[in-house]
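Dear colleague,

Please find below the structure that I am handing over to you.

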Protein chains: 2
Amino acid sequence: MSPERAYEELRRFQLETAYFESLGALAGWDQRTYIPRKGHAHRARQFAALARLLHQRRTDSRVGGWLEALEGSDLAAGGERPEAVNVREWRRDYERAVRVPAELAVALAEAKSEGESAWEAMREENNWTAFKPYLKRVLDLQREYAEAVGYETEPYDALLEDYEPGERAARLTGLFGELGAATRRLLDRILGSSVRPPTEVLHRDFPVATQREVVHEVTAALGYDLEGGRIDPTAHPFELSVGPGDVRITTRYYPDYFNAAFFGSVHEAGHAMYEQGLPDEHWGSPMGQAVSMGVHESQSRLWENVVGRSLGFWRYFYPRLQPRFAALADVPLEDFHRAVNAVQPSLIRVEADEVTYNLHILVRFELELALFRGELEVDDLPGAWNEKYRAYLGITPPDYKDGVMQDVHWASGLFGYFPSYTLGNLYAAQLFARAEAERGPFEPQWSRGSFAALLAWMRENIHHHGRRYPPRVLVERATGEPPRPDYLIRYLERKFGELYGL
Amino acid sequence: MSPERAYEELRRFQLETAYFESLGALAGWDQRTYIPRKGHAHRARQFAALARLLHQRRTDSRVGGWLEALEGSDLAAGGERPEAVNVREWRRDYERAVRVPAELAVALAEAKSEGESAWEAMREENNWTAFKPYLKRVLDLQREYAEAVGYETEPYDALLEDYEPGERAARLTGLFGELGAATRRLLDRILGSSVRPPTEVLHRDFPVATQREVVHEVTAALGYDLEGGRIDPTAHPFELSVGPGDVRITTRYYPDYFNAAFFGSVHEAGHAMYEQGLPDEHWGSPMGQAVSMGVHESQSRLWENVVGRSLGFWRYFYPRLQPRFAALADVPLEDFHRAVNAVQPSLIRVEADEVTYNLHILVRFELELALFRGELEVDDLPGAWNEKYRAYLGITPPDYKDGVMQDVHWASGLFGYFPSYTLGNLYAAQLFARAEAERGPFEPQWSRGSFAALLAWMRENIHHHGRRYPPRVLVERATGEPPRPDYLIRYLERKFGELYGL
């Protein structure tokens with residue numbers, strides 16, 4: 001078979017697979033938004049049938065045949081061209097898929113699903129003892145999985161590869177260590193300051209119907225195309241891409257808390273703008289896909305924090321927000337801006353501020369790395385967790401529920417995922433610094449309601465490339481340097497130095 | 001291969017297919033409710049990929065092999081047992097599927113989709129000339145399709161078989177002819193009466209939020225399980241079954257018209273209660289499927305008209321409805337009941353009352369039968385349409401839009417579907433008469449808010465059987481007689497005789 005024909009057949013085959021994946025994406029959206037209570041059991045069986053189909057297709061030996069026919073051809077050479085990128089990434093995905101024995105794949109899927117359900121039920125009851133066996137089972141299987149897909153240096157790298165291709169535990173240890181130390185120094189200075197942001201203003205009366213209008217308005221203003229998307233209420237907010245022209249986000253409204261729906265929506269809109277910026281003409285092939293969870297998170301954190309919590313943004317948006325909520329009538333812009341940037345060590349990662357957030361991730365990263373290096377077992381987790389919270393954040397969880405059992409990630413097998421959050425923050429700061437050097441300063445633009453220049457830079461330098469470069473290389477090409485902790489550290493020190501008068 | 005093993009493998013294969021179909025059902029629901037405007041093109045491509053997969057599976061030669069292994073076995077014998085029913089119906093579906101050449105299937109799918117889009121665009125513009133070629137193309141292909149799947153007596157029967165298995169054009173001509181003649185006599189008497197129902201009360205101010213509460217309340221009261229369903233707004237209402245525990249309906253709200261959302265919801269809830277009454281344990285096999293469009297329609301029309309437009313029902317529900325709408329404060333129960341039962345010949349089928357509805361169907365049935373008997377061509381349709389409207393309903397469409405172009409059915413290839421509506425009305429009256437003889441009278445129960453006895457009878461005699469019997473046989477077993485026009489004629493004459501003082 002000629003390489004041209006092999007490429008064409010492979011492309012069509014993968015495109016067809018992508019349509020089935022995207023039907024699953026839609027079913028996932030529905031499962032977390034509008035599904036009737038009694039529809040869950042059937043939905044799980046639909047997903048299982050789809051998973052069988054997708055596993056078959058991802059490990060179909062014809063894919064191996066097409067890739068062989070492409071080996072060494074002109075189409076596969078010349079690394080940056082779309083065809084070469086696609087062949088390279090299809091090969092990577094195929095090789096990883098076929099290394100996992102079918103029985104292991106099935107066992108993992110079951111264990112993850114059972115783990116999630118167990119977490120859902122037992123977290124509420126603070127029942128670590130009942131939950132532990134599920135976690136052990138998932139961990140054992142994930143260790144097996146790491147061995148099956150393989151690694152150069154250590155098992156944890158095999159997991160990282162699923163979320164941040166090319167990233168390595170050893171490198172993260174350095175990056176995160178430096179960031180963690182700087183963060184703790186900054187946090188100490190903040191806690192020593194006499195400034196007390198008036199956070200009470202965020203817990204007033206915010207009618208949900210008005211919040212709904214506001215989140216539509218703000219996400220649209222930032223650049224989320226709502227004609228190709230929508231915003232629905234849900235319990236655990238997420239962004240979900242069905243396909244070109246259909247990239248949806250969800251959010252959660254509290255009638256007595258401002259931040260959740262507002263910053264949650266801006267965060268998810270950041271993810272959505274990345275998906276909306278991927279090249280549609282490459283949909284269904286790696287060139288049309290997001291490159292990593294870290295890069296994805298860089299886009300959500302950028303819009304949520306760097307933009308959405310800036311003074312420039314609020315100079316524009318607060319005059320539009322304030323008249324809509326009677327609760328804000330007596331709150332000046334500066335107080336509001338301070339309140340949404342309040343730093344306060346807390347137990348819960350998802351409620352953490354920009355400064356302490358990465359310390360929550362550091363705890364998880366160090367623990368899961370130890371689990372995969374064989375230096376820690378599940379039985380030791382609660383103790384190790386509490387010790388690190390004391391050391392990094394100065395607080396001790398009073399229970400399992402808000403301690404070691406607070407996240408669903410481990411229960412559902414997502415070891416190696418947590419670093420994406422901090423990588424996202426690091427990338428965001430570094431990308432932002434470069435974008436601003438090239439097209440800024442941005443804050444004056446934002447205070448006039450103009451957010452297009454920053455989005456355009458991200459479109460060109462990040463979104464547009466799909467999976468063309470591994471995330472590290474993508475960041476390096478966009479900014480001239482590999483990912484470094486300095487930009488985020490400097491950003492945090494400057495921003496919070498000003499806010500807390502340090 | 002042993003018949004037992006063949007059955008098990010076939011059953012699993014078909015179940016897997018059903019999961020993919022049900023992902024498509026969900027995508028169809030989304031397409032008509034919440035999809036973003038820009039998501040339609042991608043959705044069409046998702047459907048095309050799914051259609052390719054489903055066509056492959058429906059014509060998979062392994063199905064033929066399994067059926068062969070089952071031929072003459074004990075499992076396939078003894079007609080009423082679930083296994084025998086499934087084998088019989090799987091064979092029927094398979095044989096029909098493989099008779100359609102792949103090229104014809106593809107051409108039909110394209111022509112239908114183009115036909116629908118053309119109708120959508122050109123109906124608004126009243127542009128028959130531009131629409132005609134699309135309709136001709138669909139008709140030509142449907143004629144080819146009828147030849148491909150085959151028939152005993154005439155091509156139209158091949159189409160009927162898709163919606164009402166076992167039904168024949170010749171028999172419908174008799175049934176519908178008798179019904180039509182009796183209906184026209186009744187209509188003449190009604191039009192000669194001096195009674196004028198106060199329909200104006202239905203066009204007052206009905207706030208949508210309240211309507212929404214009301215349709216949830218009434219459908220739940222009738223027996224629609226909303227924990228296994230939901231009601232969403234849409235442009236063209238429909239019922240859609242995703243699977244066990246997930247049977248959804250949609251409706252359309254007008255702030256200045258009561259009937260659309262209320263009776264539309266009750267109608268769709270009738271469909272949904274049928275789906276919710278199918279045996280869950282047989283989901284994914286013929287024993288778990290609705291048997292025909294006519295039987296489906298019998299359930300929706302039963303709840304919409306026989307129940308929902310009865311005086312007994314309104315004795316119960318009007319005291320609950322009236323206080324919710326200021327517009328009804330001065331409207332007594334009897335006036336309201338007369339208004340929702342007003343008879344008035346009109347141009348539009350979907351707005352027709354119980355008396356004239358079947359005349360609209362008769363027009364379509366006679367025209368499409370003539371098209372498939374070669375007695376009529378597309379060019380002659382508008383003239384023939386107008387002539388029949390004049391003869392049966394005494395009115396002449398002023399344009400194509402509300403005349404020959406009013407329904408999407410023909411544009412999307414649904415020739416042979418229209419009879420289902422009138423069959424539904426006939427079945428509903430006949431089933432109801434028998435149910436009432438066995439468990440009634442019902443109206444006194446309804447006026448106390450108790451609708452369970454009628455639903456229970458339908459569950460036992462209709463829903464529960466899935467595709468066990470062809471629709472005619474199902475009706476005959478349930479009522480002791482094959483479908484006859486008398487019950488519907490008697491029901492209409494008695495009900496409207498009283499309402500119009502005839």
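**Findings**

Chain A has 502 residues, for which a compact globule would have a radius of gyration near 23 Å; the value for chain A is 23 Å and therefore agrees. Please note that this is a predicted model.

Along the principal axes, the box filled by the C-alpha atoms of chain A is roughly 70 × 50 × 50 Å. Chain A holds 20 helices and three strands. Of its 502 residues, 58% are buried. Taking the contacts in chain A between residues at least 6 apart in sequence, 73% join residues that are at least 24 apart. The accessible surface of chain A amounts to about 19800 Å², and carbon and sulfur atoms account for 49% of that area.

Aromatic side chains deserve a separate paragraph. Over all chains, the count of aromatic pairs comes to 83. One of them joins Trp410(A) and Phe418(A), whose ring centres are 6.1 Å apart and whose planes stand at 85 degrees. Why is this pair called edge-to-face? The angle of 85 degrees between the planes exceeds the 60 degrees over which a pair is counted as edge-to-face. Are the two partners, Trp410(A) and Phe418(A), buried or exposed? The limit for a buried residue is a relative accessible area under 20%. Trp410(A) has a relative accessible area of 4% and is therefore buried. Phe418(A), at 1% relative accessibility, likewise counts as buried.

Charged groups also sit over aromatic rings, and two cases may be of interest to you. In chain A, Arg248(A) lies over the face of Trp29(A), at 4.4 Å from the ring centre. In chain B, the ring of Tyr253(B) has the charged end of Arg212(B) over it, at 5.4 Å from the ring centre.

With kind regards

Key. Residues are numbered from 1 along each chain as its sequence is written. Chains are lettered from A and ligands numbered from 1 in the order in which they are written. This is a predicted model: local features need pLDDT of at least 70, side-chain atom pairs count only at pLDDT 80 or more; totals for chains, interfaces and linings use all residues. Side-chain values use heavy atoms; hydrogens and water are left out. Rings of Phe, Tyr and Trp (its six-membered ring) pair if their centres lie within 6.5 Å; planes under 30 degrees apart count as stacked, over 60 as edge-to-face and the rest as tilted. Buried means under 20% relative accessible area, exposed over 50%, partly exposed in between (1.4 Å probe, protein chains only). A charge sits over a ring if NZ of Lys or CZ of Arg is within 6 Å of the ring centre and within 35 degrees of the ring normal. Helices (H or I, at least four residues) and strands (E, at least two) are DSSP runs, numbered from the N terminus. The radius of gyration is taken over C-alpha atoms; the globule rule is 2.2 Å times the number of residues to the power 0.38. Contact means heavy atoms within 4.5 Å. Accessible areas come from the Shrake-Rupley method with a 1.4 Å probe; for residues, only the protein chains shown count as cover.
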